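Subject: Structure handover and what turned up in it

Hi,

Here is the structure I promised to pass on.

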Amino acid sequence: MTRETWKTRAGFILAAVGSAVGLGNVWRFPWMTAQNGGSAFLLLYLAIVLLVGVPGLLGAFVIGRRSKRNPVGALRSLSDGSRWWAAFGMFAVVTTLLLVSFYSVVGGWFVRYTAASVTGSYFGHAGAYFSAINYGPAALAFAFVFLAATAAIVYAGVEKGIERATKVMMPAIVVLLAALAAWTFTRDGAGAGLDFYLTPDVAYLRAHFFDILPAAVGQALFTLSLGTGTMITYASYLGDERSLAADAATIAVLNTAIGVLAGLLVFPLLFSFGLDVGSGGAGAVFVSVASAFASLGTVGRLLGVVFFAVVLLAALSSSISMLEIPVAYLVDEHGVSRAKATAGVACLVAIGAAACALSSSVFGLLANTLVNLLMTAGLCGFLLFVGWVLGSRALDEYRAGAGDVARAVDGPWLLFVGVLIPVFLLFTLFTSVASALG
Ligand code: PFF
Ligand code: NA
């Protein structure tokens with residue numbers, strides 16, 4: 001069986017950016033930022049993206065391109081058949097099943113808001129609307145719509161839809177967020193929102209460092225699709241040699257910029273509409289943006305449809321990258337047909353999605369606490385693998401196609417991914433477990 005490769009050089013970047021940019025940027029980032037002190041969170045988050053995210057992405061690319069396999073097959077083959085490493089790969093596969101479960105529920109919210117913008121259903125009560133629709137049988141139905149769309153795309157194959165959609169969606173999302181943010185700045189009270197979001201609050205950071213840390217790490221990894229095997233899988237389709245370091249930097253910068261832009265929209269809106277930053281919780285982006293659209297009448301309806309639909313597209317290019325992991329595992333490792341694998345995985349995820357759609361506490365456990373723990377543990381394992389199992393092979397793969405700058409820091413990179421980052425991630429896991437235990 002020959003393995004598909006990306007049709008164009010840009011294909012891989014587009015797919016990886018498509019995976020990275022999604023609800024993590026537009027929905028989860030504002031939520032986490034609001035809940036963890038605004039600017040204090042932003043500061044720590046940006047530092048982690050730079051120091052952990054970029055080298056970590058490179059680690060994932062190295063495993064993927066070296067092995068040309070799904071995460072389980074990759075770890076098994078590169079470790080000469082170690083059961084332990086294959087088991088760890090399974091852990092990553094299971095993680096993606098959990099992630100896509102709650103992700104489908106949020107995707108369903110976006111489907112619902114797209115439809116509701118057409119009719120203007122949330123006009124006049126943007127705040128109450130979110131709490132009325134977020135959990136329950138209707139939320140479940142919309143989650144299934146999103147999940148079915150995801151499964152349909154995954155079934156159709158790796159390269160076809162993804163590349164094309166992402167090319168249109170990325171510029172659209174940037175333009176929309178930037179234009180809306182610019183409009184938002186003109187409103188009374190927007191300044192207070194910018195202040196909350198951007199004025200460095202070092203005192204808060206100091207006082208709450210150990211509470212913010214796990215959330216900042218979890219968000220940085222989640223938004224970069226790191227620690228689940230997604231980036232390993234995408235890099236496994238890389239046919240030719242190209243600079244993995246340059247790709248990692250491009251992806252991290254684009255993805256981070258889109259998250260920061262979303263914050264520039266959400267926080268000024270929350271403050272200028274007099275909405276309590278903390279109370280929105282997982283609804284921060286919906287409540288804020290819906291308030292804005294409602295205040296714009298007919299234009300707001302149109303903007304609403306476009307905004308929610310564009311984010312929905314971004315969400316789909318991320319959810320397919322999650323669902324692709326267990327599917328690729330079943331196809332590659334167990335010879336299951338793509339159709340059967342997709343259907344089976346979608347049914348499993350449907351159970352998880354149902355639990356999340358019907359219970360706010362299950363949803364919160366997965367979307368908040370478990371994301372932070374699982375992503376952190378996942379990346380830690382993958383990077384230990386790069387440093388201690390691949391070792392010099394990782395360096396070879398890193399160097400292939402790398403430019404001068406990347407080559408100059410190959411040794412430090414290996415030290416980072418093999419030792420410093422795993423120690424930091426273990427420390428983060430330890431502090432979050434310690435604080436959970438009281
Ligand atoms: N990075 C995606 C987002 O920000 O929406 C979420 C994600 C996709 C996480 C794929 C993990 C993953 F494997
Ligand atoms: Na993201």
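Let me start with Met 170: setting aside neighbours within four places in sequence, Met 170 is in contact with Val 17 and Val 21. Two residues are in contact if their C-beta atoms, placed from the backbone, lie within 7 Å. Met 170 sits in helix 8 (residues 160-185); helices are DSSP runs of H or I with at least four residues, numbered from the N terminus. Because 20 other C-beta atoms lie within 10 Å of Met 170, this residue is buried. The cut-offs are 20 or more other C-beta atoms within 10 Å for buried, 12 or fewer for exposed, and anything in between for partly exposed, with C-beta atoms placed from the backbone. The C-alpha atoms of Met 170 and Val 310 are separated by 9.0 Å, although the two are 140 residues apart along the chain.

Before going further, some notes on reading all this. The model is predicted, so local features need pLDDT of at least 70 and side-chain atom pairs count only at pLDDT 80 or more, while totals for chains, interfaces and linings use all residues. Residues are numbered from 1 along each chain as its sequence is written, and chains are lettered from A and ligands numbered from 1 in the order in which they are written.

Next, the ligand. Around ligand 1 there are 16 residues, of which Gly 22, Gly 24, Ser 225, Thr 228 and Thr 230 come nearest; a residue is near a molecule if its C-beta atom, placed from the backbone, lies within 6 Å of it. The shell has 5 nonpolar, 11 polar and no charged residues. In this scheme Ala, Val, Leu, Ile, Met, Phe, Trp, Tyr, Cys and Pro are nonpolar, Asp, Glu, Lys and Arg are charged, and the others, Gly among them, are polar. At least two shell residues come from each of helix 1 (9-20), helix 2 (23-35), helix 5, helix 10 and helix 14 (297-334).

Beyond its neighbours within four places in sequence, Ser 225 contacts Ser 19, Ala 20, Thr 230, Met 231 and Ser 321. Its phi is positive, about 55°, although Ser 225 is not a glycine. Most residues other than glycine have a negative phi.

Asp 80 also has a positive phi, near 55°. This residue lies in the loop between helix 4 (71-78) and helix 5 (83-119). Asp 80 counts as exposed because it has 8 C-beta neighbours inside 10 Å.

Finally, helix 4 itself. Of its 8 residues, 6 are buried, namely Pro 71, Val 72, Ala 74, Leu 75, Arg 76 and Leu 78. Their cover includes helix 3, helix 5, helix 11, helix 14 and helix 16 (360-390). Helix 3 (residues 39-67) packs against helix 4 at an angle of about 75°, with the axes 9 Å apart. The two helices are therefore roughly perpendicular, a label for angles of 65 to 115 degrees. Ile 63, Gly 64, Arg 66 and Ser 67 of helix 3 meet Gly 73, Ala 74, Ser 77 and Leu 78 of helix 4.

Enjoy exploring!

Definitions and conventions: Axes fitted to C-alpha atoms, helices over the stretch in contact; angles between N-to-C directions. Parallel < 35°, antiparallel > 145°, perpendicular 65-115°, else oblique.
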